[in-house]
Amino acid sequence: MQPLQQMEPKFHCPCSSDRLLRALRLLSPEEVEDILETEGRIEARCEFCGKVYRMSPEEVRAEMALATGDPSKDSEFTDGREE
């Protein structure tokens with residue numbers, strides 16, 4: 001018996017600041033403001049690769065104001081990468 005194909009495993013984590021913004025958009029604006037007032041910024045760590053993302057209140061508000069589409073629908077989400 002011979003293997004059909006041999007592949008070397010490669011680590012790839014699809015996390016990005018765009019994905020953090022998408023997650024924030026699933027919260028109500030009041031919840032986001034509450035986090036910003038309490039914590040002074042948004043900080044999240046990817047559970048897969050450990051990368052930490054930080055956004056200032058100004059960044060969060062600016063990005064939220066420019067965001068379009070429904071963050072709950074994958075078909076309406078792009079993370080800046082071409083398919």
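The buried residues of H1 pack against H2, strand S1 (42-45), S2 and H3. Contact here means heavy atoms within 4.5 Å. Helices (H or I, at least four residues) and strands (E, at least two) are DSSP runs, numbered from the N terminus. In H1, the buried residues are Leu20, Leu21, Arg22 and Leu24. Buried means under 20% relative accessible area, exposed means over 50%, and partly exposed lies in between (1.4 Å probe, protein chains only).

This is a predicted model, in which local features need pLDDT of at least 70, side-chain atom pairs count only at pLDDT 80 or more, and totals for chains, interfaces and linings use all residues. Residues are numbered from 1 along each chain as its sequence is written, and side-chain values use heavy atoms, with hydrogens and water left out.

Now to the core. A nonpolar core is a set of buried Ala, Val, Leu, Ile, Met, Phe, Trp, Tyr and Cys residues joined through side-chain atoms within 4.5 Å. The largest one here has 8 residues: Leu20, Leu24, Val32, Leu36, Ile42, Tyr53, Met55 and Val60.

Setting aside neighbours within four places in sequence, Val60 is in contact with Leu24, Val32, Leu36, Ile42 and Met55. Val60 and Val32 are 28 residues apart in sequence, and their C-alpha atoms are 8.8 Å apart in space. Val32 has its own set of partners. Not counting residues up to four places away in sequence, Val32 touches Leu24, Leu27, Val60 and Met64.

Next, the helix pairs. Two packed helices are described by the angle between their axes and the distance between the axes. Axes are lines fitted to C-alpha atoms, for helices over the stretch in contact, and angles run from 0 to 180 degrees between N-to-C directions.

Take H2 and helix H3 (residues 57-66). They pack at an angle of about 165°, with their axes 10 Å apart. H2 and H3 are therefore roughly antiparallel to each other. Angles under 35 degrees count as roughly parallel, over 145 as roughly antiparallel, 65 to 115 as roughly perpendicular and the rest as oblique. H2 passes H3 in a left-handed crossing. A crossing is left-handed if the near helix is turned anticlockwise from the far one by less than a right angle, and right-handed if clockwise. On the H2 side, Val32, Glu33 and Leu36 meet Pro57, Val60, Arg61 and Met64 of H3. The residues of this contact divide into 5 nonpolar, no polar and 2 charged. Ala, Val, Leu, Ile, Met, Phe, Trp, Tyr, Cys and Pro count as nonpolar, Asp, Glu, Lys and Arg as charged, and the others, Gly among them, as polar.

H1 also meets H3. Their axes come within 11 Å and cross at roughly 75°. H1 and H3 are therefore roughly perpendicular to each other. H1 brings Leu21, Leu24 and Arg25 to the contact, and H3 brings Val60, Glu63 and Met64. The residues of the contact of H1 with H3 divide into 4 nonpolar, no polar and 2 charged.

Finally, some residues that are not buried. Arg19 lies in helix H1. At 35% relative accessibility, Arg19 counts as partly exposed. Its C-alpha atom is separated by 12 Å from that of Arg54, 35 residues apart along the chain. Glu39 is found in helix H2. Glu39 is exposed, with a relative accessible area of 57%. The C-alpha atoms of Glu39 and Asp18 are 21 residues apart along the chain and separated by 20 Å. Asp70 belongs to the segment after H3. At 26% relative accessibility, Asp70 counts as partly exposed. Asp70 and Arg25 are 45 residues apart along the chain, with 8.6 Å separating their C-alpha atoms.
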